[in-house]
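Take a walk through this fold with the coordinates open.

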Amino acid sequence: MVFTVAIFLIAFKAKASVINNEEIGNSYKSKVIESTEFVEEPSLSNFIDNNEDNCKTGYIFIGDSRFVGMNDACGISDTENRFVIAMIGEGYDFLVNTALQEAEDIVNENSDITNWKYIVCLGVNDLYNVNKYIDKYNELKSTVDLVLVSVNPIEYHSSITNENIDEFNNKIKNIEGIQYIDTNYTLCTEGFSTVDGIHYTSDTYKLIYNTINTYLE
């Protein structure tokens, strides 16, 4: 068994998008990224221990600042055969110009892993790119085992509404031949907390991660 070190990209830069990254990014950096303490959840442990194929499958998590925060809270990249490619304030351009190539590099560097899943959660920073996302996902599904995670709800934001998010999710969840994990529904049903209206507390990130693992199982 080969233990690999995950490629974990974090860029702190301002970018014109739906979200004011200067305000959100800085707040997120101080309130969430600096918090790295993780208490292992029993359900996550059971997921890893009870799946014989887990050691043969690699999981690449591709996302924006919310996946950055989830990695900090849950230690995804510290788990065997799990990798995180995530950057604050990013979206479609990051997916096509950076993340997919990084994912390919990870696959090539880990030849002992015979099966790969790409778990992608992007869109909150550029909901207007939904049709581009759909086209790219349709292109990828023939060569990649793609799992899409819903864009999750906000508590408050100056230019994003949960109605906007629901419209985005309703479009991507209907892409034929791609698994869709509706963590948005989980948060809206069980409740969630944020540190700044858009980025979550550690407990909420753990809820999201355990929900993803339940579907992957």
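Two strands pair if DSSP finds at least two bridges between them. Helices (H or I, at least four residues) and strands (E, at least two) are DSSP runs, numbered from the N terminus. The model is predicted: local features need pLDDT of at least 70, side-chain atom pairs count only at pLDDT 80 or more, and totals for chains, interfaces and linings use all residues. Residues are numbered from 1 along each chain as its sequence is written, and side-chain values use heavy atoms, with hydrogens and water left out.

Start with the sheet. Five strands make up an open sheet, ordered β2-β1-β3-β4-β5, with parallel pairing. β2 (82-86) and β5 (179-181) are the edge strands, and each pairs on one side only. On average, neighbouring strands are turned by 20 degrees against each other, direction ignored. Such angles run from 0 to 180 degrees between N-to-C directions, and axes are lines fitted to C-alpha atoms, for helices over the stretch in contact.

Strand β1 (residues 57-63) runs parallel to β2, and five bridges join them. Within that pairing, Ile60 has Phe83 in β2 as its bridge partner.

Five of the five residues of β2 are buried, so the strand is largely enclosed by the rest of the structure. Arg82, Val84 and Ala86 point one way, Phe83 and Ile85 the other. In a regular strand the side chains alternate between the two faces of the sheet.

Asn81 lies in the loop between α3 (65-74) and β2. Its phi is positive, about 65 degrees, although it is not a glycine. Asn81 is also buried, with a relative accessible area of 2%.

Now the helices. α4 (residues 92-109) and α5 (residues 130-140) pack at about 30 degrees, with axes 9 Å apart. That makes α4 roughly parallel to α5, a label for angles under 35 degrees. In contact (heavy atoms within 4.5 Å), Tyr92, Leu95, Val96 and Leu100 of α4 meet Lys132, Tyr133, Lys136, Tyr137 and Leu140 of α5.

Finally, the cysteines. A disulfide here is a pair of cysteine sulfur atoms within 2.5 Å, and the count is zero. Cys74 is buried at 1% relative accessibility, and Cys121 is buried at 5%.

Methods. Parallel < 35°, antiparallel > 145°, perpendicular 65-115°, else oblique. Buried < 20%, exposed > 50% of the residue type's maximum accessible area, 1.4 Å probe, protein only.
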